[in-house]
Amino acid sequence: MAAPAGQGMLPGATDCGCSSRPPRDRYWETPEQRLVWLSPGLLQQQLMWLFPGVPGSGASFLGSPGSGGSGGKKKLSKAERLRLQKEEEDRRLIEEEEARLRAEQEEAERLEKERIVREERERLEAKDQERRGTELAELHSLEENFLSARQWKADYRAHAKWEHYMQCDGSPDPAVPQEINTFMSLWQENKNEDIEFVIKKGNQVLNLIEKLNFLLLDTPPNELMEKVIIQYQESILELQSLLHQKYNEATEHLLKKASTFTDSDSGNMDVVIKDKNITFCIWGNLKKNPRFKNHMFCDAENGFDLPKTVATSDIAVRILHTHYDHISPLQLIPKLHLKVQAPESKPELTVLYDMKEEKEEEQKSGEDSNLVIEKESDGRKSAISFKDSTKIDPGENEKLEEESEKKSENVSTISGVQVAPLQVATDEKEEEIIGENEVDLHQFTPVGGVYLIDALKLPPQAKQIKGWTMVELLDVGLETYPYPPESEETEDATYPRIGVTLRLLDSVIFFEEPMVARWDSAGKQWRTDGISDIKYKMKEKQISFEMDAFYTITLIQDAHLNMPYQSWELRPNGTDELLFMVVTAFAEVLMQIKGNQCMLSSVIVDGSEQLSHLTGKWTSPIDLIIALKKAGVNIFPSDYSYKYVCVNKKTPLAEVTTYQQMALVASAFAFSWSKWNLASGQDQVVFKVSEHLKTDAVKDEDWSLYMFNGQRAQRLRISETSEAFSEDLAENTEFHSTLYHLIKDFASEEAIEKVKKASCLFIDAISQLLIATRVLTYS
């Protein structure tokens, strides 16, 4: 049925003019026939008018011409659209409810797991507290090894003193002021000694100095009175001064006979004397020929180049190379160090920080013998005291814990031996200001000895007249030749510089180009000004430079080149024998400990072994430390090293206690560094442990990670290859108050028996090297 004309037409609808299509003013009444022939653009406009705000209206509602013609999607009614929207909303609400329930379930499971873990941890902590007294008592029986070692060393010193007295060989006991003063007075009176005798006597003097240094380092601090320290250091300075004086007297005696040591080529004096402790080179300008203004001592490979004005003067040049350093100020005995006291009235072990005078310490210990240490740590005051664990039984453990909580937050056991200086948080004085050209001896250290380069006035030489030998005697001693000349008129004048070439010792290692420093006698310090044009040949071990005057020279190296360490390992290698390896950025140092002796096994630099003169020789730990530092291999931090090295700071309680307890079990267990020690914080140390009863290397799969804070030890679940650090306990493990008892849980009977039978001197030697290297902080 046709619709009336003009009715039902969409606004803007027009007839396209085709005869086969309905008239432009007609439309069909049925829904299926409600179709008006429109252009695509007009159709889109009309659809947007009918369905404003409906997504997909427009050309895309029916399908665009480019995507399939006019047969697009079927139009949805309003009711259908509402129904779809409601279904979508219902589905969203269901999903949200499911997600909420799932999150609640996961949270409940997480809380339940945390509760189980917390309760298990509380159970293990309570179990650890219950047996703490028993474990400390058992540990104390092992720590008696340290006291035994200290007593053995005291007896050894007394025995050595008696043996020296019985020998009656004329050599003095450097610890006795009367003997050392008599020795120096007698030598002072001897005059006109030749250089060979002085060198021989000088070796004896150097031996006395070494003994005094050893006593200062080896004697426990609580046994060294301050007046004794001052006495030893004064004796060292007096011996050094006397030896230098004797070298000058021998030089003067030699120069008076300069004409008897003439060189056949130049006619000038040329003398070279080499010894294990010095290299003595002296040149006398007898001919005053300006062509010979430079000279090289062939036997020593030391040389100089003089200005022409000096080359025509009565002058002698001495290059006295002492292979030791007798110029630098003595290192003060640190005021801040850990030491142990064992009062006679009570069997009590105490560790204290010696920061005041000894009298003040005695007053402090008299006021409260149980509270000996008080230190600042993270803004809180804490005390450290260590009771004799032999008095503890399980029944009294609770009472002990209550007392300990009142006295200290950090309670542990530690050995009764001297502990090397450790940096702790204290009220430090204002730091010393170092000038631009001054050498900071806390950061740098002289290596390879000292070169005394002197210009000396040549004394009158003997002359042969009618069969007589005549010489003019001058009672002025050894005179220095002033250069540049000391005159007010020439104060601002410039003078030619002095060229110097020096051969470095083969017995030392320079890991990088050293600095050249001169001694400023007025300021008592090493300085770098006045020296220029430095050229260093590493392969030839030769250095050349220019000076504006004659100076005493030394070569300076950064004392912390080998810090921090890249890795370390402590591995048993037999009965009372182990290997200790420290790997740095420049070298791999391997040391061996056997009994109370140490030996340098090898120092490998760039794939080749160095310091062959030190390897294979058994000595004490202190002597080995001194020898390595003197050779330029410094892996022993000082009090000030933390200022120049990026350290992995640890609290003294955690660090020192770990070293002590590692030493106690090192006869049967290997220890090594762990990267997680950097992530464990200041109060915890992390390292690898493995039972090791063989002599070969430890396999990677045999290592386990342990964490210790000085009071509680635990085995960690993570491994060295884990992605993140975690303090979670390893499965089937427990807390223990000591490292020994934690290791004991997983150790064989053979290993524990070996630990109990270890020599006290062996344990003490391990402890000394661990504390000296401080591998837990400087790696």
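Predicted model: local features only at pLDDT ≥ 70, side-chain atom pairs only at ≥ 80, totals over all residues.
Residues are numbered from 1 along each chain as its sequence is written, local features need pLDDT of at least 70, side-chain atom pairs count only at pLDDT 80 or more, totals for chains, interfaces and linings use all residues, and side-chain values use heavy atoms, with hydrogens and water left out.

Seven strands in the order 1-2-5-10-18-14-15 make up an open sheet with antiparallel pairing. Strands here are DSSP runs of E with at least two residues, helices are runs of H or I with at least four residues, and both are numbered from the N terminus; two strands pair if DSSP finds at least two bridges between them. Strand 1 (269-274) and strand 15 (525-527) each have a single partner strand and stand at the edges, so one side of each is left without a neighbour in the sheet. On average, neighbouring strands of this sheet are turned by 25° against each other, direction ignored; the axes are lines fitted to C-alpha atoms, for helices over the stretch in contact, and angles run from 0 to 180 degrees between N-to-C directions. Within the sheet, strand 10 (residues 444-457) and strand 18 (residues 552-558) run antiparallel and are joined by 7 bridges. Opposite Tyr451 stands Ile553 in strand 18.

The next topic is charge pairing. Side chains of opposite charge can pair when their charged atoms come close. The structure holds 38 salt bridges, each defined as a side-chain nitrogen of Lys or Arg within 4 Å of a carboxyl oxygen of Asp or Glu. One of them joins Arg92 to Glu89 at 2.2 Å, N to O. Both residues lie in helix 3, 3 residues apart, about one turn of the helix. Arg92 is partly exposed at a relative accessible area of 35%, and Glu89 also counts as partly exposed, at 35%; buried means under 20% relative accessible area, exposed over 50%, and partly exposed in between, with a 1.4 Å probe and protein chains only.

Another salt bridge, between Glu734 and Lys127, spans 2.7 Å, N to O. This pair links distant parts of the chain, 607 residues apart: Glu734 lies in the loop between strand 28 (713-715) and helix 12 (739-744), and Lys127 in helix 3. Glu734 counts as partly exposed at 21% relative accessibility, as does Lys127 at 31%. A salt-bridge network links Arg121, Glu125, Asp128 and Arg712.

Helix 3 (residues 78-167) also contains Tyr165, which is exposed with a relative accessible area of 56%. Tyr165 forms a nonpolar surface patch with Trp162 and Met166, and together they have about 390 Å² of accessible area. Patches are made of residues with over 30% relative accessible area and no salt bridge, joined within 9 Å for like charges and within 5 Å for nonpolar side chains (Val, Leu, Ile, Met, Phe, Trp, Tyr); the areas come from the Shrake-Rupley method with a 1.4 Å probe, and for residues only the protein chains shown count as cover.

Finally, Val645 lies in the loop between helix 10 (621-630) and helix 11 (652-665). Val645 counts as buried because its relative accessibility is 7%. Not counting residues up to four places away in sequence, Val645 touches His560, Met563, Pro564 and Tyr778, where contact means heavy atoms within 4.5 Å. Gln443 is 202 residues from Val645 in sequence, yet their C-alpha atoms are 9.7 Å apart in space.
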